[in-house]
Amino acid sequence: MISEPAQTSFVPVDRPADWWRSAVVYQIYPRSFADSNGDGMGDIPGITSHLDYLAQLGVDVVWLSPVYASPMDDNGYDISDYQDVDPIFGALEDLDRLITGLHERGIKIVMDLVVNHTSDEHPWFIESRDPDSPKRDWYWWRPARPGSEPGTEGAEPTNWESAFSGPAWQFDERSGEYYLHLFSRKQPDLNWENPEVRRAIYEMMNWWVDRGIDGFRMDVINLISKHDLVDGVPAPGRTRVPCFLFTANGPRLDEFLAEMNVEVGLDARSLLTVGEMPGSTIETARRATDPANHELNMVFTFEHVSLDSRSGGSGKFDLAPLSLPALKKNLNEWQQALADVGWNSLYWDNHDQPRAVSRYGDDSPQHRENSAKTLGTVQHMHKGTPYIYQGEELGMTNTYFTTIQQYRDIESINYHASALSLGMEVEAVLHSLSVKSRDNARTPMQWDGSSHAGFTEGIPWLAVNPNYVTINAAAEVDDPDSVFHHFRKLIKLRRDHPVIVHGRFELLLPDHEQIWALSRTLDDQVLVMIANCSSKPASVPQDALPDVSGADLLLTTHHDSASPELEPWESRIYLVG
Ligand code: TEU
């Protein structure tokens with residue numbers, strides 16, 4: 001349902017070419033940010049009531065995870081109306097007020113674009129269920145596997161496993177066929193091969209741009225061009241194969257992205273575009289972010305957030321130890337690969353990943369603050385656009401639930417059921433969830449020490465992390481030495497020093513097990529970052545690093561920065577020349 005272009009009087013913002021290269025993006029997961037009406041779920045007026053906090057932090061862009069009408073099977077990533085706001089989050093007028101409030105503070109807004117799939121309650125899919133409907137081909141409908149009884153185990157058209165466990169095909173009694181869903185069965189995949197589908201999506205995107213937004217974060221956008229619908233070879237003891245293997249980086253992906261760019265004027269209107277691309281390679285990212293191809297500004301790769309899962313194993317919950325050299329090596333590969341063409345996004349966590357300080361840092365009371373600060377330093381000194389996930393600027397930690405009843409995330413709950421059905425030990429499954437579940441990122445934002453951390457006057461939809469008493473925005477804003485102010489200073493450094501945005505990246509001490517060191521060079525300026533990413537002291541090998549004796553110390557986590565010894569989780573940023 002394409003409505004008239006919005007008669008909204010939004011405050012236009014200037015979007016010079018490539019503005020997003022020097023920007024810092026703050027991701028908001030609306031369900032968990034701030035609740036204004038006491039129903040226990042965050043909402044848009046709740047966000048609008050905290051805009052001065054974001055302005056004080058100094059971010060340039062807010063990426064808003066979905067607020068569209070949705071049955072909330074996957075917390076909004078299952079959309080039933082792209083051009084309306086779900087009543088849980090408010091109304092379109094509330095969103096207009098948010099856009100205006102952000103723009104008045106010089107902060108831009110990027111909306112989440114979820115067009116690999118819709119909700120099964122979207123009118124398009126409801127129509128498509130009728131085999132004679134002109135919208136039948138808007139989705140992927142296929143008959144049962146030849147010679148099989150439709151609706152029975154193994155009769156699915158291909159042996160693909162959905163990302164949320166179970167078959168990736170759902171049998172539809174009424175139409176006697178299966179439809180494809182790479183995520184939950186309430187998230188049927190759209191058929192981008194159909195030009196009508198693409199046209200409807202571009203019209204919807206233009207409608208939002210006309211409403212004043214400044215860009216799109218594109219959900220699993222590299223899954224829109226499907227390969228052949230064929231079986232894969234399951235791993236021993238398994239009957240299905242991960243669906244991304246047959247759907248990521250398909251043959252028409254670049255064509256669709258380039259067409260979208262033209263039809264929505266993405267480059268022409270300097271809109272920020274970032275494509276989430278599970279299974280993307282350096283090669284696909286170089287092609288998609290090469291300005292000459294007019295596709296995307298940047299992509300979210302999953303390589304560095306998959307290093308602590310056993311490669312070739314059964315996915316993200318198949319845990320593996322993480323080594324610092326491996327992490328440094330992977331990020332360096334992407335730095336080098338996109339040094340001359342394209343552009344990197346930089347992120348440690350988001351609404352799908354566990355909290356950075358718990359995963360890559362040390363969230364013990366002794367080291368939490370310094371490791372949260374130092375992880376921020378390491379990320380922001382890499383070349384690319386940094387993304388801060390709500391609460392990362394406070395050093396919020398994983399919540400470590402102990403029972404399945406505490407979880408709300410469909411991926412986690414489905415994994416628990418399927419793992420137990422495959423005979424895995426419940427303790428092992430609960431341990432994997434406590435380390436990797438998406439719900440670790442989704443516990444309510446910790447605003448202050450009052451009940452429910454000041455997130456809601458009602459009962460929170462997901463339990464607040466009990467450590468909110470000590471870890472909260474009010475306490476940190478009042479403490480000049482807090483993680484909050486460290487992130488504020490990192491963002492200011494980016495504004496004040498072009499070398500941080502444009503400087504050539506070089507990784508130093510690549511094999512060091514504790515120290516992450518790098519330099520950035522722009523003309524005669526050299527920035528050097530040295531960080532101890534371990535909970536033990538570390539000696540700085542003097543001969544291996546540029547001489548910083550006469551350099552300006554731009555930012556540090558500790559006070560005695562002349563010492564050749566680095567305290568646990570100590571980091572320093574020097575400017576030479
Ligand atoms: O995530 C895509 C995705 O690959 C993750 O869900 C992945 O399966 C895992 O959780 C991360 O390791 C996007 C959205 O970010 C996610 O919230 C949605 O659930 C998903 O797409 C479907 O829209």
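The model is predicted, so local features need pLDDT of at least 70 and side-chain atom pairs count only at pLDDT 80 or more, while totals for chains, interfaces and linings use all residues. Residues are numbered from 1 along each chain as its sequence is written, and side-chain values use heavy atoms, without hydrogens and water.

**Ligand surroundings**

- Around the ligand are 20 residues, of which Asp 74, Asp 219, His 351, Asp 352 and Arg 438 come nearest (near: a heavy atom within 4 Å).
- This shell divides into seven nonpolar, four polar and nine charged residues (nonpolar: Ala, Val, Leu, Ile, Met, Phe, Trp, Tyr, Cys and Pro; charged: Asp, Glu, Lys and Arg; polar: the others, Gly among them).
- The side chain of Asp 74 has an N or O atom 2.5 Å from a ligand oxygen.
- For Asp 219, a polar side-chain atom lies 2.7 Å from an oxygen atom of the ligand.
- In Glu 276, a side-chain N or O atom is 3.0 Å from a ligand oxygen.
- On its own the ligand has 490 Å² of accessible area, and the protein covers 95% of it (Shrake-Rupley method, 1.4 Å probe).

**Helices α7 and α8**

- Helix α7 spans residues 282-289 and helix α8 residues 324-337 (helices: DSSP runs of H or I, at least four residues, numbered from the N terminus).
- Their packing angle is about 35°, with the axes 10 Å apart (axes: lines fitted to C-alpha atoms over the stretch in contact; angles: 0 to 180 degrees between N-to-C directions).
- Ile 282, Ala 285 and Arg 286 of α7 meet Glu 333, Trp 334 and Ala 337 of α8 (contact: heavy atoms within 4.5 Å).
- The residues of this contact comprise four nonpolar, no polar and two charged.

Key: Helices (H or I, at least four residues) and strands (E, at least two) are DSSP runs, numbered from the N terminus. A polar contact is a pair of N or O atoms within 3.5 Å; within protein, one must be able to donate a hydrogen and the other to accept it, and residues adjacent in sequence count only if both atoms are side-chain atoms.
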